[in-house]
Amino acid sequence: MKHKWSEKTRQPNGDSRKVCTREGCDIVCMSCHGVDSHGRQDHWKEWWRGSEKIQVGGLTPACEPVEVDA
Ligand SMILES: [Zn+2]
(Lines give C-alpha, C1' and ligand atoms only; values in the text may rest on other atoms or scores of the structure.)
Protein backbone atom coordinates (compact mmCIF):
# COMPACT_ATOMS: atom_id res chain seq x y z
CA MET A 1 0.00 0.00 0.00
CA LYS A 2 1.28 3.43 -0.82
CA HIS A 3 1.62 6.08 1.80
CA LYS A 4 -0.84 8.90 1.80
CA TRP A 5 1.53 11.79 2.18
CA SER A 6 0.65 15.14 3.60
CA GLU A 7 1.92 18.33 2.05
CA LYS A 8 5.64 18.68 2.52
CA THR A 9 6.63 21.17 5.12
CA ARG A 10 9.94 22.95 4.97
CA GLN A 11 11.97 23.14 8.13
CA PRO A 12 13.95 26.27 9.05
CA ASN A 13 17.20 24.45 8.24
CA GLY A 14 15.99 23.56 4.74
CA ASP A 15 15.09 19.97 5.43
CA SER A 16 11.61 18.91 4.46
CA ARG A 17 9.17 16.74 6.25
CA LYS A 18 6.03 14.89 5.25
CA VAL A 19 3.76 12.63 7.19
CA CYS A 20 1.67 9.66 6.14
CA THR A 21 -1.87 10.48 7.13
CA ARG A 22 -3.16 6.93 6.84
CA GLU A 23 -4.46 5.83 10.19
CA GLY A 24 -2.09 3.57 12.08
CA CYS A 25 0.87 4.31 9.85
CA ASP A 26 1.76 7.86 10.76
CA ILE A 27 5.25 7.46 9.41
CA VAL A 28 7.32 10.59 8.92
CA CYS A 29 9.66 11.05 5.99
CA MET A 30 12.41 13.58 6.54
CA SER A 31 14.47 14.75 3.60
CA CYS A 32 17.70 15.79 5.26
CA HIS A 33 20.76 17.40 3.89
CA GLY A 34 24.12 18.47 5.15
CA VAL A 35 27.79 18.24 4.40
CA ASP A 36 29.71 15.00 4.66
CA SER A 37 33.16 14.47 6.14
CA HIS A 38 34.73 15.43 2.80
CA GLY A 39 32.93 18.75 2.69
CA ARG A 40 30.56 17.60 -0.04
CA GLN A 41 26.87 18.24 -0.12
CA ASP A 42 25.03 15.22 1.06
CA HIS A 43 21.37 14.39 1.36
CA TRP A 44 19.48 11.46 2.66
CA LYS A 45 16.11 10.37 3.91
CA GLU A 46 15.13 9.45 7.40
CA TRP A 47 11.98 7.63 8.38
CA TRP A 48 10.49 8.24 11.76
CA ARG A 49 7.60 6.95 13.75
CA GLY A 50 6.93 9.15 16.73
CA SER A 51 10.28 9.82 18.35
CA GLU A 52 11.83 6.64 16.99
CA LYS A 53 14.03 6.70 13.92
CA ILE A 54 13.17 3.50 12.14
CA GLN A 55 15.29 3.73 9.02
CA VAL A 56 17.84 5.88 7.25
CA GLY A 57 17.95 5.86 3.47
CA GLY A 58 17.02 2.87 1.36
CA LEU A 59 13.58 2.00 0.14
CA THR A 60 10.44 3.52 1.54
CA PRO A 61 9.14 1.39 4.38
CA ALA A 62 5.78 -0.26 3.80
CA CYS A 63 2.63 1.58 4.67
CA GLU A 64 0.99 -0.47 7.35
CA PRO A 65 -0.73 0.03 10.64
CA VAL A 66 1.53 -0.58 13.57
CA GLU A 67 0.85 -1.40 17.15
CA VAL A 68 1.62 1.60 19.27
CA ASP A 69 2.07 1.40 22.98
CA ALA A 70 -0.56 3.49 24.68
ZN1 LIG B 1 1.86 5.15 5.43
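Student: Where is T21 found?

Tutor: This is a predicted model, in which local features need pLDDT of at least 70, side-chain atom pairs count only at pLDDT 80 or more, and totals for chains, interfaces and linings use all residues. Residues are numbered from 1 along each chain as its sequence is written. Strands are DSSP runs of E with at least two residues, and helices are runs of H or I with at least four, numbered from the N terminus. On that basis, T21 is found in the loop between β2 and β3.

Student: Is T21 buried or exposed?

Tutor: A residue is buried if 20 or more other C-beta atoms lie within 10 Å of its own, exposed if 12 or fewer, and partly exposed in between, with C-beta atoms placed from the backbone. Because T21 has 11 other C-beta atoms within 10 Å, its class is exposed.

Student: Leaving aside neighbours within four places in sequence, with which residues is T21 in contact?

Tutor: Two residues are in contact if their C-beta atoms, placed from the backbone, lie within 7 Å. K4 is 17 residues from T21 in sequence, with 5.7 Å between their C-alpha atoms. Apart from neighbours within four places in sequence, the contacts of T21 are K4 and S6.

Student: What is the phi of D26 near?

Tutor: D26 lies in the loop between β2 (16–19) and β3 (28–35). With 15 C-beta neighbours inside 10 Å, D26 is partly exposed. Most residues other than glycine have a negative phi. In D26, a residue other than glycine, phi is positive, near 55°.

Student: Which strands stand at the edges of the sheet?

Tutor: The protein has zero helices and five strands. Two strands pair if DSSP finds at least two bridges between them. The five strands form an open sheet in the order β1-β2-β3-β4-β5, with antiparallel pairing. Each edge strand has a single partner, so one side of each is left without a neighbour in the sheet; these strands are β1 (9–10) and β5 (52–56).

Student: Over how many bridges do β3 and β4 pair?

Tutor: Strands of a sheet pair through backbone hydrogen bonds, either parallel or antiparallel. V28 stands opposite W48 in β4. For β3 and β4 (residues 41–49), the sense is antiparallel and the number of bridges is eight.

Student: What percentage of the residues in the protein is buried?

Tutor: The C-alpha trace spans about 40 × 25 × 20 Å along its principal axes. Of the 70 residues in the protein, the buried share is 4%.
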